[in-house]
Each structure stands twice: as C-alpha cells, then as structure tokens.
Amino acid sequence: MESRRVDNGTFLQGGVEDEGYGDTATRMVELAKEQPGFLGIESAREEVGITVSYWADLAAIKSWKANMEHLAAQKLGREKWYAAFKLRIAKVERDYGMHI
C-alpha cells in the first residue's frame, strides 16, 4: 500500500434540494478529473453529504477553486442548494486500511 502525503478538500453540506444538483455534481467530478494535480474523490450522501477531493498540492486546489465553471457551480450551490456548508483543506499524512 502506498503511503504519501496529499492535500485534500473536504466539503460538507446540509439541506440540499436536488433541482439539477445531481447533474451539476456529476459535471464537477468530470471537470475535476481533468484538472492538473487531481488525485481522486470520495462522496457520501444521507442526511448530510460529504465530498472529499484529493489533490497533489495546495496550488492544484487553488487552481480548482479558480476554475470558472466550478465558480458558477459554487454560486448555484450558495443560492439554490445549500442551507449551510463547510470547507476544509487538510493534508493526509497516511492512508491505510483493509480492502473490501
């Protein structure tokens, strides 16, 4: 198992109304995968949704944050879908576990 340090952006949100959210979320994943420094993404949705994206470094995260299509989706999220949200940027020092 490879263990290396990566940066990640963790996004938590609550109160999501669909109205195009699913399509936009799918497009954002597709777009993120095209960005330099993108390493992967994990997401779960129940009462609260969480999305963790992994990036090679802080510069890659800043570039993703500045992407025009991503900025438009963020604006829609604030205006239409999210009652609240929290963004975290953290470094993953180690990643290990058992494969299912």
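This briefing describes the fold, surface, salt bridges and selected residues of one protein model. The model is predicted, and local features are described only where pLDDT is at least 70, side-chain atom pairs only at pLDDT 80 or more, while totals for chains, interfaces and linings use all residues. Residues are numbered from 1 along each chain as its sequence is written, and side-chain values use heavy atoms, with hydrogens and water left out. The protein holds three helices and four strands, where helices (H or I, at least four residues) and strands (E, at least two) are DSSP runs numbered from the N terminus.

**Overall fold and surface**

- Along the sequence, the elements follow the pattern β-α-β-β-α-α-β.
- Of the 100 residues in the protein, 31% are buried; buried means under 20% relative accessible area, exposed means over 50%, and partly exposed lies in between, with a 1.4 Å probe and protein chains only.
- Among the contacts with a separation of 6 or more, 73% are between residues 24 or more positions apart, a contact being heavy atoms within 4.5 Å.
- The protein exposes about 7,100 Å², of which carbon and sulfur atoms supply 54%; accessible areas come from the Shrake-Rupley method with a 1.4 Å probe, and for residues only the protein chains shown count as cover.
- A nonpolar patch on the surface is formed by Leu-58, Leu-87 and Ile-89, which together have about 270 Å² of accessible area. Patches are made of residues with over 30% relative accessible area and no salt bridge, with like charges joined within 9 Å and nonpolar side chains (Val, Leu, Ile, Met, Phe, Trp, Tyr) within 5 Å.

**Salt bridges**

- The structure holds three salt bridges, each defined as a side-chain nitrogen of Lys or Arg within 4 Å of a carboxyl oxygen of Asp or Glu.
- One of them pairs Glu-30 with Arg-27, whose closest N and O atoms are 3.9 Å apart; both residues lie in helix H1 (residues 21-33), three residues apart, or about one turn of the helix.
- An α-helix has 3.6 residues a turn, so residues three or four places apart point the same way.
- Glu-30 is partly exposed at 43% relative accessibility, and Arg-27 is partly exposed at 27%.
- Arg-27 also forms a salt bridge with Glu-69, with the closest N and O atoms 2.8 Å apart. This pair links distant parts of the chain, since Arg-27 is in helix H1 and Glu-69 is in helix H3 (residues 68-81), 42 residues apart.
- Glu-69 is partly exposed, with a relative accessible area of 35%.
- Glu-79 and Lys-75 meet through their side chains in a salt bridge of 2.7 Å, N to O, and they are separated by about one helical turn because they are four residues apart in helix H3.
- Glu-79 counts as exposed at 57% relative accessibility, whereas Lys-75 is partly exposed, with a relative accessible area of 43%.
- Salt bridges that share partners join Arg-27, Glu-30 and Glu-69 into one network.

**Helix H2**

- In helix H2 (residues 58-66), the residues Ala-60, Ile-61 and Trp-64 are buried. Seen down the axis of H2, the buried residues fall within an arc of 100 degrees, so they line one face of the helix; the arc is that of the directions from the helix axis to the C-beta atoms.
- The face of H2 turned away from the buried side carries the exposed residues Ala-59 and Lys-62.
- At the start of H2, a side-chain oxygen of Asp-57 comes to within 3.3 Å of the backbone nitrogen of Ala-59.

- Ser-53 lies in strand S3 (residues 48-55) and is buried, with a relative accessible area of 12%.
- The side chains of Ser-53 and Trp-55 are joined by a polar contact of 2.8 Å, meaning a pair of N or O atoms within 3.5 Å; within protein, one must be able to donate a hydrogen and the other to accept it, and residues adjacent in sequence count only if both atoms are side-chain atoms.
- Gln-35 is placed in the loop between H1 and strand S2 (38-45), and at 15% relative accessibility Gln-35 counts as buried.
- Leaving aside residues up to four places away in sequence, Gln-35 touches Trp-55, Trp-64 and Asn-67.
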